[in-house]
Amino acid sequence: MTTIDPPPTSLPTPEPATGTGQDLVLAIDVGGTDLKSALADPAGALIDIRRTATPASSGVPGESIVERSAALLAEYRGAWPTKNIAAIGLIAPGLVDEVNGVGIYSANLGWRDFPFADRLRRATGLPVSYAHDVGAAGDAEMRFGAARGLGDVVVMIVGTGIAGAVFCDGKRVLGGGYAGELGHAQVPGGLDCTCGLRGCLETIGSAGAIARRYTELSGQAVPGAREVFAAAAAGDPVGRRVIDDAITALAFSIAQLVAILGTEAVVIGGGLTQAGDALLDPLRLQVKQNLSFHRHPVLLAAQMGQDAGLIGAALRARDLLDAP
Ligand SMILES: [Zn+2]
């Protein structure tokens, strides 16, 4: 997860607890550098959020994550001795088989076909769900956030790269772990991509690409997309061009999704949403121009903030307890 929105101060209208008493669940978000964790109460509120370095792989990639997760469970039990922790929701990047709880592949973290849910279940004796980090963030937006009450939704996280969670008829599309790779779908004007293709959306439409292209074209290094939006607003033609190219590419991809899926809402999260209306207003206009008789989606800023993944992980762990 690369979202850098401010965290929500409180969850909007949580759903009522569903028959699991006051049991807590442990949510763990494995990132490339950080491992975030928290307990979550039956209403979905996060308690005792902690952040540690992602443990380095020792031997079999994935095993150190299981060991660290089991140690975290023991630490939280020590810190909250009167509470019962009843399930674990683990999320990670890469290709994820959520049905079988398997990490198919992570380029950054090194595992291939590692059975996270099974290994952590054996290590802790608790029910464990294993899910994709952006998918889980999408689940949180659907349940509590910007897409609450909607069924046909794409949640796009636009940060260093671009990834998505696609919902049809209220259900997230899994595609065996391969769905939602919006950043690696080709668009006109796209550039060479680290995945080996040319033309991927994230080479031109991501916050990372905006900063990188501005630096290349202007010769002036900028730390992020925020500075490029500021330059464009001040009349810098290079900044304007880079932002326009990004918006054109994002609008192309969104219109394609809408035409294929009948999407009613596109929720945009991640670092790029810091630009606010400077991003959303022109993007809305271009998406509208790219559609005719189609469904016309609303474009919404994500609401769940930087802990969206953790909240989604907790939701999935809770679902294990609520399952018959
Ligand atoms: Zn690519």
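Axes here are lines fitted to C-alpha atoms, for helices over the stretch in contact, and angles run from 0 to 180 degrees between N-to-C directions. The model is a predicted one.

On that basis, the axes of helix 6 (residues 225–233) and helix 7 (residues 237–261) cross at roughly 120° and come within 7 Å. Helix 6 is therefore oblique to helix 7, since angles of 65 to 115 degrees count as roughly perpendicular and those over 145 as roughly antiparallel. The crossing of helix 6 past helix 7 is left-handed. In the contact, helix 6 contributes Val228, Phe229 and Ala232, which meet Gly239, Arg240, Val242 and Ile243 of helix 7.

Five strands form an open sheet with mixed pairing, in the order 11-10-9-14-15. Its edges are strand 11 (171–172) and strand 15 (298–301), each of which pairs on one side only. Helix 3 (residues 133–143) packs on this sheet, where it touches strand 9 (153–158), strand 10, strand 11 and strand 14 (265–269). The direction of helix 3 makes about 50° with that of strand 10. Strand 10 (residues 162–168) pairs with strand 11 in the antiparallel sense, over two bridges. Cysteine 168 has lysine 171, in strand 11, as its bridge partner.

| Residue | Relative accessibility | Class |
|---|---|---|
| Cysteine 195 | 42% | partly exposed |
| Cysteine 200 | 0% | buried |

A disulfide is a covalent bond between the sulfur atoms of two cysteines. How many disulfides does a search of the whole structure find? The search finds zero.

Note on methods. Residues are numbered from 1 along each chain as its sequence is written. This is a predicted model: local features need pLDDT of at least 70, side-chain atom pairs count only at pLDDT 80 or more; totals for chains, interfaces and linings use all residues. Side-chain values use heavy atoms; hydrogens and water are left out. Two strands pair if DSSP finds at least two bridges between them. Helices (H or I, at least four residues) and strands (E, at least two) are DSSP runs, numbered from the N terminus. Contact means heavy atoms within 4.5 Å. A disulfide is a pair of cysteine sulfur atoms within 2.5 Å. Buried means under 20% relative accessible area, exposed over 50%, partly exposed in between (1.4 Å probe, protein chains only). Angles under 35 degrees count as roughly parallel, over 145 as roughly antiparallel, 65 to 115 as roughly perpendicular and the rest as oblique. A crossing is left-handed if the near helix is turned anticlockwise from the far one by less than a right angle, and right-handed if clockwise.
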